[in-house]
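Please look over the sequence and the structure below before reading on.

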Amino acid sequence: MRFLHTSDWHVGRTFHGADLLAEQEAVLGHLADLVAGEAIDAVLVAGDIYDRAVPSAEAVRVATKAVARIRAAGAQLVVTPGNHDSAPRLGAFAEFAAAGGLHLRTTVAGLAEPVLLQGAHGPVAVYGIPYLEPEPARHALGVPEARGHTGVLTEAMRRIRADLETRPGVRSVVLAHAFVTGGEPTASERTIAVGGVEQVPGSVFDGVDYVALGHLHGPQTLAEHLRYSGSPLAYSFSEARQRKSVWLVDLDEHGLHEVRRHELPVPRKLATLTGELEDLMTAPEHDAYLDHFLSVTVTDRVRPVDAMRRLRERFPHAVHLEWEPAGGHAGAPLRYTEAVRGRSDIEVSRSFLDDCRGAPPTEREERLLFQALEAADRGALAK
């Protein structure tokens with residue numbers, strides 16, 4: 001039996017304010033093509049289908065279209081919620097959806113009730129562990145003494161192994177959304193730390209043939225049977241060099257046979273540029289980045305006016321801007337109380353401009369400052 005392991009779609013997420021629905025629809029559509037081309041039996045989605053608990057109508061449309069295309073390509077789906085999803089909303093009409101090949105495993109009570117998929121070598125039991133918030137989960141699982149993510153996931157896996165013992169010879173797959181020790185995070189995951197401890201040891205998941213992990217956005221292999229697929233798109237510039245992918249997992253009659261990595265297309269690449277604004281606007285070597293999402297650091301000695309607007313005239317997908325003047329900011333970092341002690345309003349205003357843009361006000365600007373401060377004083381006296 002062949003599975004496709006994916007996770008962390010985060011449908012509806014924006015990238016520094018830029019809408020990503022078109023890019024998400026494109027890369028999720030590729031999964032459907034892959035299902036048809038690789039004869040995938042089931043697609044495993046290990047959490048964070050949406051980016052928020054109450055997704056927008058547009059996000060729901062994109063996710064629904066992706067699921068429909070995957071199902072039409074011939075694969076069933078097993079889906080569990082992540083820490084960004086609302087498990088009750090995602091699991092609505094789960095019993096009806098299962099009849100159409102969409103298996104939504106969203107409840108704590110049902111985590112040890114597998115989806116049984118029939119293959120050439122008999123059934124495969126697929127267990128979906130929804131994201132377990134430790135405090136409510138330990139009570140829902142009846143283990144009030146359990147502590148943190150390790151405690152509740154240990155109990156979840158105990159229940160799964162107990163169910164497996166009643167199914168001799170049945171191969172097994174588990175979906176889980178967690179931070180497993182040894183995984184490398186990026187800047188785009190939301191922390192799931194509770195009491196300062198969010199990681200769980202990989203040994204918690206011992207005893208099954210394959211564990212499809214979600215939560216971390218980079219594709220990673222912690223053990224042959226224990227893997228993160230990562231997100232299908234980059235959601236931070238820290239992921240710019242990651243090769244986004246999914247895992248193709250083959251089980252034979254004995255269990256895990258082979259796992260292959262399939263790299264996903266990149267609808268829009270990410271890049272970073274650094275330099276003075278005028279050079280960034282004119283240098284021909286930057287033509288290669290016209291269609292990239294860009295993070296730009298301008299190094300002009302004086303902060304350029306309206307820099308982002310100007311950058312977008314050449315780079316329409318510039319989404320992040322920083323100013324780091326060559327040689328560092330003028331003067332030492334200021335502490336507010338020290339900076340204003342014993343100084344007049346005009347001196348404070350002059351220093352503020354100098355600190356922000358690396359140059360003092362011109363004579364004309366200083367006259368305007370005087371006029372503004374005098375008007376403020378008159379207004380205060382009138383009150």
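In which helix does Arg-314 lie?

Arg-314 is part of helix H8, which covers residues 307-314; helices are DSSP runs of H or I with at least four residues, strands are runs of E with at least two, and both are numbered from the N terminus. The structure is a predicted model, in which local features need pLDDT of at least 70, side-chain atom pairs count only at pLDDT 80 or more, and totals for chains, interfaces and linings use all residues. Residues are numbered from 1 along each chain as its sequence is written, and side-chain values use heavy atoms, with hydrogens and water left out.

Arg-314 counts as buried because its relative accessibility is 14%; buried means under 20% relative accessible area, exposed over 50%, and partly exposed in between, with a 1.4 Å probe and protein chains only. Beyond residues up to four places away in sequence, Arg-314 touches several residues, among them Asp-279, Leu-280, Thr-282, Pro-284 and Leu-290; contact means heavy atoms within 4.5 Å.

## The protein as a whole

The protein has 11 helices and 19 strands. Its radius of gyration is 27 Å, whereas a compact globule of 383 residues would have a value near 21 Å; the radius is taken over C-alpha atoms, and the globule rule is 2.2 Å times the number of residues to the power 0.38. Along the principal axes, the C-alpha atoms fill a box of roughly 85 × 55 × 35 Å.

Of the 383 residues, 49% count as buried. Among contacts between residues at least 6 apart in sequence, 68% join residues at least 24 apart.

Gln-24 is located in helix H1 and is buried, because its relative accessible area is 1%. Its side chain reaches the backbone nitrogen of Gly-12 at 3.1 Å; a polar contact is a pair of N or O atoms within 3.5 Å, where within protein one must be able to donate a hydrogen and the other to accept it, and residues adjacent in sequence count only if both atoms are side-chain atoms. Apart from neighbours within four places in sequence, the contacts of Gln-24 include Trp-9, Val-11, Leu-233 and Tyr-235.

His-103 belongs to strand S6, residues 102-104, and counts as buried because its relative accessibility is 11%. The side chains of His-103 and Gln-76 make a polar contact at 2.7 Å. With neighbours within four places set aside, His-103 also contacts residues including Val-78, Ala-98, Val-115 and Leu-117.

## Positive phi values in two loops

Most residues other than glycine have a negative phi. His-16, however, has a positive phi near 50 degrees. His-16 sits in the loop between strand S2 (14-15) and strand S3 (18-19) and is partly exposed, because its relative accessible area is 41%.

Ala-39 also has a positive phi, near 55 degrees. Ala-39 is in the loop between helix H1 (21-38) and strand S4 (42-46), and is exposed because its relative accessible area is 54%.
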